[in-house]
Each structure stands twice: as C-alpha cells, then as structure tokens.
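I would ask everyone to look at the structure as I go through it.

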Amino acid sequence: FESDFSGWTTGGNTAIVTAYNLIRDLNDNTSGTESFAPFEGDKMAAISDPTLGGSLWSNYVLQDLTVGPDDNYLNFAYNFWTYDEAPFDDPGLLVEINGRTWFTAKAGDIGDGQTETLDFTGWNALSIPIAQYYDPVRPASIRISFNAGNTGDAQFPSGALIDGTSVSQSNAFPVVPVPTTALLLGSALVGVIGLRAN
C-alpha cells in the first residue's frame, strides 16, 4: 500500500496510514493507546474504525488480478483487532477470493472475552495458494477482498490492518490450506487489474 489505494477498490471505513492508534478501553479516555506500525514499508491499510464501526460487508478493500503462470501465491499480513466478544463479529475479518472464504478471524478467537477493551493479534503473515486459478488457454482473473467490521451487531467494532500484499512464485509465509469449495472452482472468472505489490 505504498502507492496508497492505487489499483484497489475500497468501501466504508478504510484508510492508508503510516501509524494506527487504538484506545485500550472505550469507556476510559485515560487508559492509553496501543500504537501499530506497518508490517513492512511506510504504509498500511486500515479497515474499519473504532469510532465509526460499520458492517463487515461495508468495510472492504478489493482488487481484481489476472493470474500468470508464476503467480502461485497471494501473500499478505494482517493485524486483527476487536472490542467485542463471542458470539459477535464472527467473522470480524474475512479474506475471500471470488467470494469464497479463505481466511477469517473472529472476536471470540482473541482476548479476554470482555467488550469495550482492546484485543489484537499483532502482525501475522499468510500465503494463499492461487496457482489453481491459472489457465494457459484463457487467462483467469480473480477478485481478492479483505473485509473487516461488525457481524451480528453494530456495537464494539472489530477491524484490521492489512499490509505486505503481493503475488509470488513461492510462498513467502505459512500457507493457508485450500478450502474444499475452492477446489471446485473453474476458470470462468472476471477481472482486469494486476495486483501491485504494497
């Protein structure tokens, strides 16, 4: 995201930031803040906002890219944060390719089970295999989307920082297992914009 949102489509509460601060307790302005720096480079994407909230489905960044013969992995890093608890914000972070879920994080996965106090994962990096989308006869395009926000309610939002997105021949990070539904995908996909490294 070093070139801001160039090549990406956004919706809802999203921003490119060089640093991100979150208050530790929504009910206590004197509780201090946690400050987050980018995973790499100088900028990162912030999806959702603790003061604005918004639905998981309304806060997103997405990009369409054509898969080339050496584009075997989508690499990305995330830092998921929440002020909510189970069973809400399940998911609070959603990563999809062509509408198929590849990765989720939920409020109940992290923290102490208390609402209104900040919990976060810290930076985690993953690689999603995308070689199965390549078609040498008819170039296949895929849509990658990162969504974050409230699910099941409109209070105590969740959100995410996303950084380090790229495609590569070999995985840069631990590999996400291929969902069984993704194995059934054909190559009749749409999209025209190539993924830019961020």
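This is a predicted model: local features need pLDDT of at least 70, side-chain atom pairs count only at pLDDT 80 or more; totals for chains, interfaces and linings use all residues.

**Local features of the model**

Asn98 is placed in the loop between β8 and β9 (100-105). Asn98 is not a glycine, yet its phi is positive, at about 50°. With a relative accessibility of 23%, Asn98 counts as partly exposed. Asp4, in the segment before β1, also has a positive phi although it is not a glycine; here the value is about 60°. Asp4 counts as partly exposed too, at 37% relative accessibility. Why do these values deserve a remark? Most residues other than glycine have a negative phi.

I turn next to the peptide bonds. Most peptide bonds are trans. The bond from Ala86 to Pro87, however, is cis, with omega near 10°. A cis bond also joins Asp90 and Pro91, where omega is about 10°. Pro87 lies in the loop between β7 (73-82) and β8 (93-97), and Pro91 is likewise found in the loop between β7 and β8.

Which residue's side chain reaches the backbone oxygen of Pro91? It is Thr151, at 2.5 Å. Thr151 belongs to the loop between β12 and β13 (158-168). Is Thr151 buried or exposed? Its relative accessibility is 18%, so Thr151 counts as buried, the limit being under 20%. Apart from neighbours within four places in sequence, Thr151 is in contact with Leu56, Phe88, Asp89, Asp90 and Pro91.

My last topic is the aromatic rings. How many aromatic pairs does a search of the whole structure find? The search finds 10. One of them joins Phe1 and Phe5: the ring centres are 6.1 Å apart and the planes stand at 80°, so this pair is edge-to-face, a term used for angles over 60 degrees. Both Phe1 and Phe5 are buried. In another pair, Trp8 and Phe146 have ring centres 6.2 Å apart and planes at 50°, so the pair is tilted. This pair links distant parts of the chain, 138 residues apart: Trp8 sits in the segment before β1 (9-11), and Phe146 in strand β12 (residues 141-148). Trp8 is buried, with a relative accessible area of 8%, and Phe146 is buried as well, at 0% relative accessibility.

Finally, ring pairs connect Phe1, Phe5, Trp8 and Phe146 with Phe76, Tyr78 and Phe103 in a cluster. Thank you for your attention.

Definitions and conventions: Residues are numbered from 1 along each chain as its sequence is written. Side-chain values use heavy atoms; hydrogens and water are left out. Rings of Phe, Tyr and Trp (its six-membered ring) pair if their centres lie within 6.5 Å; planes under 30 degrees apart count as stacked, over 60 as edge-to-face and the rest as tilted. Buried means under 20% relative accessible area, exposed over 50%, partly exposed in between (1.4 Å probe, protein chains only). Helices (H or I, at least four residues) and strands (E, at least two) are DSSP runs, numbered from the N terminus. A polar contact is a pair of N or O atoms within 3.5 Å; within protein, one must be able to donate a hydrogen and the other to accept it, and residues adjacent in sequence count only if both atoms are side-chain atoms. Contact means heavy atoms within 4.5 Å.
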